[in-house]
Amino acid sequence: MTEPLSVGKSAGVWILLAGVLGLLALAVNAAPLPTAIGVVAVVAGVALSRQFGPLEALWYVFVASIPLREPLSFDFHGTVSLCASDVLLLWLVVASVRRGGFRDMWRERRTLHIAAAIVLLSIAGLFTASHFFWGVASIYRIIGQIAVFVVATTVVRDGRQATRTLLAVLVGLVPAIVYGFYQALLPFGADLPDWGNRLIAYGFHGERNLRVFSTFKMTLLFSHYLSVSVAIAIGLLAHRLSRGLRVFVALLAIAAVYCNLFTYSIGGLIGMTAGVVTALVIGWGRRTIVLLLLFFVLLTAFAPAAFLNKAERVFKGEATTGVARLVTYSQALAVMRAHPFVGVGWGGIRRALEHDYQVTRAHVVAFGAENYFLQRGMALGVPGILLYGALCVIFFLGMVRSRGRPGWPRVAVLAAGVAFYVQAQTFPTTEASGNYLLWMLFALAASMTASERKRGDAA
């Protein structure tokens, strides 16, 4: 007589598995794209955990997920209020604090002191905010950036981990680039996800082209992320990589450059060029001139017609975007003259520019400063500009002091910082995606400098 099959203590496991599969089926039916990305992320996290441990593995998953913040967002009452990547970031912060060392981090990292002052200034600005929720949302984004710094400082302790972090940035950009190329093939009026804003680029004969935004909220955010990623890729090619990784990084750099052209952003061209030039000059030595010439020849040869048309109009002074930016600078300076010490708060910028300090009602003029530092000056006054300027100075001084440090991807980090700050002078740069990258770079630079200091102490 055959003994009946017994599940014993494993019954709970099978019930749990059935429940998970049922929830997965419901999730696929409700949101197929986020569910598919989530499953891939879980599989990748499990595979990476076996090699690097849970904390480091989930850090790489988080970094790779930054470009997918919008597709993985959850809507409540019609408003995007929660991103899956931010939930993961919260878990990483808790795990990092539990690992210990935060007290030493606070004592050694001046960046954290400046960040605390920025948060306090931002909270004070809530008392005069005309749009209170916008002010709270801005503070939430700032705290998220600080959280990225804390986790990156905890996880990244050597050059190999820094290199893997930058590779995770590039891996995460692959789906955004693929989707960006898909958008570039669509006519302007095609159906697209509702998370992005449609902008137009005109060809030489007036034909309309969609400025691709891919998985980001708007075109300029996508362009900025691409520019920084191109700088990272070119910088990593000057670093020690295996042959397979070098091929992957080189192909992704080419794809990112070409995709950036379909954002039709001249600021993107300038930021991307600044990052590439920095990486080539510092990392490639004598081959720099030849590689730069090749870079510009390929840009000119493969750029879409609408991009060349816009570039020609901008450099001739015929485009409205240049004048519109000058107007936003004028408005921002007027706000700062009236509120030099405390600004108008993150929740008061739009109201100030819609009423007392509005120069023109032209639709091409944004309700903000098309400049990284001026936007923060309007929100937090001169102290805000000084604090954010100090962060910039600390970053670049750290990169200078870490010169000659073997094993660290210094060229990639420095080139990425240059690309970020150059292009950030052409739009407000307040959204989370690009700023997460910046604060990650802050952490890598700080860890690089600290490792140099420790090596000197050991000697």
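This is a guided tour of a predicted model, moving from the whole chain to single residues.

**Before selecting anything**

Residues are numbered from 1 along each chain as its sequence is written, and side-chain values use heavy atoms, with hydrogens and water left out. Since the model is predicted, local features need a pLDDT of at least 70 and side-chain atom pairs count only at pLDDT 80 or more, whereas totals for chains, interfaces and linings use all residues.

**The whole chain**

Begin by colouring the protein by pLDDT, the predictor's confidence in each residue on a scale from 0 to 100. The mean is 83, and 84% of the residues reach 70 or more. Select helix α1 (residues 11-30), where confidence is lowest at a mean of 53, and then helix α17 (residues 410-424), where it is highest at 96. Over residues 1-10 the pLDDT is below 50, and this stretch has zero contacts in the model beyond near neighbours in sequence; a contact here means heavy atoms within 4.5 Å.

Switching to a cartoon view shows 18 helices and four strands, which are DSSP runs numbered from the N terminus (helices H or I, at least four residues; strands E, at least two). Of the contacts with a separation of 6 or more, 73% join residues 24 or more positions apart. Buried residues make up 50% of the 459 residues in the protein, where buried means under 20% relative accessible area, exposed over 50%, and partly exposed in between, for a 1.4 Å probe and protein chains only.

**The nonpolar cores**

Next, select Trp-59, Phe-62, Leu-166, Ile-234, Leu-236, Tyr-388 and Met-440, which touch the most other members of the largest nonpolar core, a set of 126 residues. A nonpolar core is a set of buried Ala, Val, Leu, Ile, Met, Phe, Trp, Tyr and Cys residues joined through side-chain atoms within 4.5 Å. Centre the view on Trp-59, whose contacts, leaving aside neighbours within four places in sequence, are Leu-92, Val-148, Val-151, Ala-152, Val-155, Val-156, Thr-165 and Met-440. Apart from this core lies another, of seven residues, among them Leu-186, Phe-188, Leu-192 and Trp-195.

From Phe-62, move to Val-87, which is 25 residues away in sequence and 9.7 Å away in space, C-alpha to C-alpha. Val-87 is found in helix α4 (residues 84-99), and its relative accessible area of 44% is why it counts as partly exposed.

Ser-447 is found in helix α18 and is buried, because its relative accessible area is 6%. Leaving aside neighbours within four places in sequence, Ser-447 is in contact with Arg-109, Thr-153, Val-156 and Trp-408.

Go on to Thr-273 in helix α11 (residues 266-283), which at 13% relative accessibility also counts as buried. Not counting residues up to four places away in sequence, Thr-273 touches Phe-295 and Phe-296.

Then select Ala-124 together with Gly-345, a pair 221 residues apart in sequence and 7.8 Å apart in space, C-alpha to C-alpha. Ala-124 lies in helix α6 (residues 110-124) and, at 44% relative accessibility, counts as partly exposed.

**Two loop residues with positive phi**

Most residues other than glycine have a negative phi. Tyr-264, in the loop between α10 (243-261) and α11, has a positive value near 55 degrees, and this residue is buried at a relative accessible area of 4%. Thr-429, in the loop between α17 and α18, likewise has a phi near 55 degrees, and its relative accessible area of 4% makes it buried.

**The cavity**

Keep Thr-429 selected, for this residue is among those lining the largest cavity, together with Leu-221, His-224, Tyr-225, Phe-427, Glu-431, Ser-433, Gly-434 and Asn-435. The elements giving two or more residues to that lining are α9 (219-237) and α18 (432-458). By class, the lining has three nonpolar, five polar and one charged residues, where Ala, Val, Leu, Ile, Met, Phe, Trp, Tyr, Cys and Pro count as nonpolar, Asp, Glu, Lys and Arg as charged, and the others, Gly among them, as polar.

A cavity is a set of points, on a 1 Å grid over the protein atoms alone, where a 1.4 Å probe fits but cannot get out, and lining residues have an atom within 4 Å of a point.

Definitions and conventions: 1 Å grid on protein atoms, 1.4 Å probe; cavity = no way out; pocket = protein on both sides within 12 Å on 5 of 7 lines; lining within 4 Å.
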